[in-house]
Amino acid sequence: MPPEIAALDIGAEVREALAARRPLVALESTIISHGMPYPRNAQTAMRVQACVRAEGAAPATIAILRGRVKLGLTDHEIDYLGREGQRVAKVSRRDLPLVVAGGGDGATTVAATMIIAAKAGIPVFATGGIGGVHRGVEQTMDVSADLEELGKTNVTVVCAGVKSVLDIPRTLEYLETRGVPVFGFGTDTMPAFYSQSSGLALDYRIDSPRQAARAMLAKRDLGLGGGMVIAVPVPDEHALAPGEIDRVIEDAIESVALKGITGKAITPVLLDRIAEETGGRSLDANIELVVNNARVAARIALEYARLASAATLS
Ligand code: PSU
Ligand code: MN
C-alpha cells in the first residue's frame, strides 16, 4: 500500500479488499458535500457503495477527515459529509496540502480523488460528471483542474459527461490537447449528463467493460501516463429531453449572472435552480446516473483485474 502518504487512513473494507486482491472502485466526495442536498446525497453515496459491492468489487470513497486522507468511508462518515454539506471544504489538487496541514475536513473533487486513487493503485474511478471548460471561459479562464489531472494521472474515470453547466465542445478540445482518450460507452456521441446525447460525435466507442479494460491495458503497456474518460449516457428512463434541459440550464445561468454570483459559488446555486425548474427530475437523473456509472466502473474494474493478471502470467 501507498507508504508515500503519511497522512493516510484506510478503512476496514478497503484494507480487506487490498489484502484479498479484490478489485476496487474509487469514488469522490465533492458530489456528497457539494453536489446534492441532504439526505439524498448521503443516501446516494451509500447506494453507490452497495452497487459496487453487488458487482463483486469494493467501494473506496475518498475524503479528507480531520487532516487525514481517508480511503474508504463508513456510512457514518458519509452521513457526516452529507450533513455538513458546503461547510466541508471542496478539495481539488491545489487544496490538498492546505487542508491536510490545517487538520480540516475536505470533500475531494475528481482531480483530488484521482491523485489519491493513483497513489493507492486503484485504476478505476466512478463519478457523475467531471469538471471542464466553463461557458464564458474567454472572460473567466475558468477551466477545471480535473482536466489537467486527466492529462497526467493514470486513472480511468467513468462519468456521464461533464458537469451539466459547462461548455462541452471546448472541454472535448481540451481533453484532446492533453491526450486524454474519451470513449462513448455504447454510444457514438458525447453524453450530456442529464440527457443521453450532446449531439457531438466522439471518435471512439466501446460497447463492453471488457473493451474498456483492454484499452486500459494497452495504454499501460504503451507506457502512456494520464487518465482516460469512459462516458456513459444516463439511463434512458431517467434521461431528460435535451431541448427541455438546455433551456432550463440557460435560464438558470442567466438568473445567476443577474444576481452577480461568481466563481465557485455558481454551481450549487445553478444545480438548485435546475432541480426546482424540473420538479426534481434533474436530481433523480443525477442520482441514477451516478449509480449506473458505479455499476459500469465495477464491471470494468473486474475485467481489468482479470486481464492484467493474465497479462502478468503470460
Ligand atoms: N458534477 C456535478 N456536481 C459536482 C461536481 C461535478 O454535477 O459537484 C464536482 C466534481 O467533484 C468535480 C468538481 O470534480 O465538481 C469540479 O469542480 P471545479 O469545476 O471547481 O474544478
Ligand atoms: Mn473552476
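## Basis of the model

A residue is called buried under 20% relative accessible area, exposed over 50%, and partly exposed in between, with a 1.4 Å probe and protein chains only. This is a predicted model, in which local features need pLDDT of at least 70 and side-chain atom pairs count only at pLDDT 80 or more, while totals for chains, interfaces and linings use all residues. Residues are numbered from 1 along each chain as its sequence is written, chains are lettered from A and ligands numbered from 1 in the order in which they are written, and side-chain values use heavy atoms, with hydrogens and water left out.

## Backbone exceptions

Most residues other than glycine have a negative phi, and most peptide bonds are trans. Met141 is not a glycine, yet has a positive phi of about 55°. Met141 sits in the loop between helix H7 (137–140) and H8; helices (H or I, at least four residues) and strands (E, at least two) are DSSP runs, numbered from the N terminus. Met141 counts as exposed because its relative accessibility is 72%.

Arg21, also not a glycine, has a positive phi of about 55°. Its place is in the loop between H1 and E2, and at 76% relative accessibility Arg21 counts as exposed. A cis peptide bond, with omega near 5°, runs from Tyr38 to Pro39. Pro39 lies in the loop between H2 and helix H3 (40–54).

Strand E3 (residues 58–65) is mostly covered, with eight of its eight residues buried. In a regular strand the side chains alternate between the two faces of the sheet. Both faces of E3 are covered: one side carries the buried residues Ala58, Ala60, Ile62 and Ile64, and the other carries Pro59, Thr61, Ala63 and Leu65, also buried.

Two strands are said to pair if DSSP finds at least two bridges between them. E3 pairs with strand E2 (residues 24–27) in the parallel sense over four bridges, and Val25 stands opposite Pro59 in E3. E3 and E4 form a hairpin with two residues between them, and Arg66 in the turn has a positive phi of about 45°. Two bridges join E3 to strand E6 (residues 106–108), again antiparallel, with Ile64 opposite Gly106 in E6.

## Ala107 in strand E6

Ala107 is found in strand E6 and counts as buried because its relative accessible area is 0%. Contact here means heavy atoms within 4.5 Å. Leaving aside neighbours within four places in sequence, Ala107 is in contact with Ser29, Thr30, Ser33, His34, Val88, Ala89, Lys90 and Val91. The C-alpha atoms of Ala107 and Ser33 are separated by 6.4 Å, although the two are 74 residues apart along the chain.

## Nonpolar core

In soluble globular proteins, nonpolar side chains tend to be buried together. A nonpolar core is a set of buried Ala, Val, Leu, Ile, Met, Phe, Trp, Tyr and Cys residues joined through side-chain atoms within 4.5 Å. The largest such core has 105 residues, of which Val25, Leu71, Ile130, Leu150, Tyr194 and Ile230 touch the most other members. Helix H13 (residues 281–313) gives the largest share of this core, 15 residues.

Not counting residues up to four places away in sequence, Ile130 touches Val110, Asp146, Leu147, Leu150, Val157, Cys159, Gly161, Val162, Lys163, Leu166, Leu175 and Val229.

## Pockets

On a 1 Å grid over the protein atoms alone, a pocket is an open set of points where a 1.4 Å probe fits, with protein on both sides within 12 Å along at least five of seven lines; lining residues have an atom within 4 Å of a point. Grid points are joined across faces, edges and corners, and a volume is the space filled by probe spheres set on the points. The largest pocket has a volume of about 830 Å³. Of its 36 lining residues, Thr30, Lys90, Thr109, Lys163 and Thr267 are the closest to its centre. Helix H12 (266–277) is one of the elements that give two or more residues to this lining, and H12 gives the most, four residues.

The second largest pocket holds about 510 Å³ of space. Of the 19 residues that line the second largest pocket, Pro23, Gly121, Pro123, Tyr304 and Ala305 are the closest to its centre. H13 supplies the largest share of this lining, five residues.
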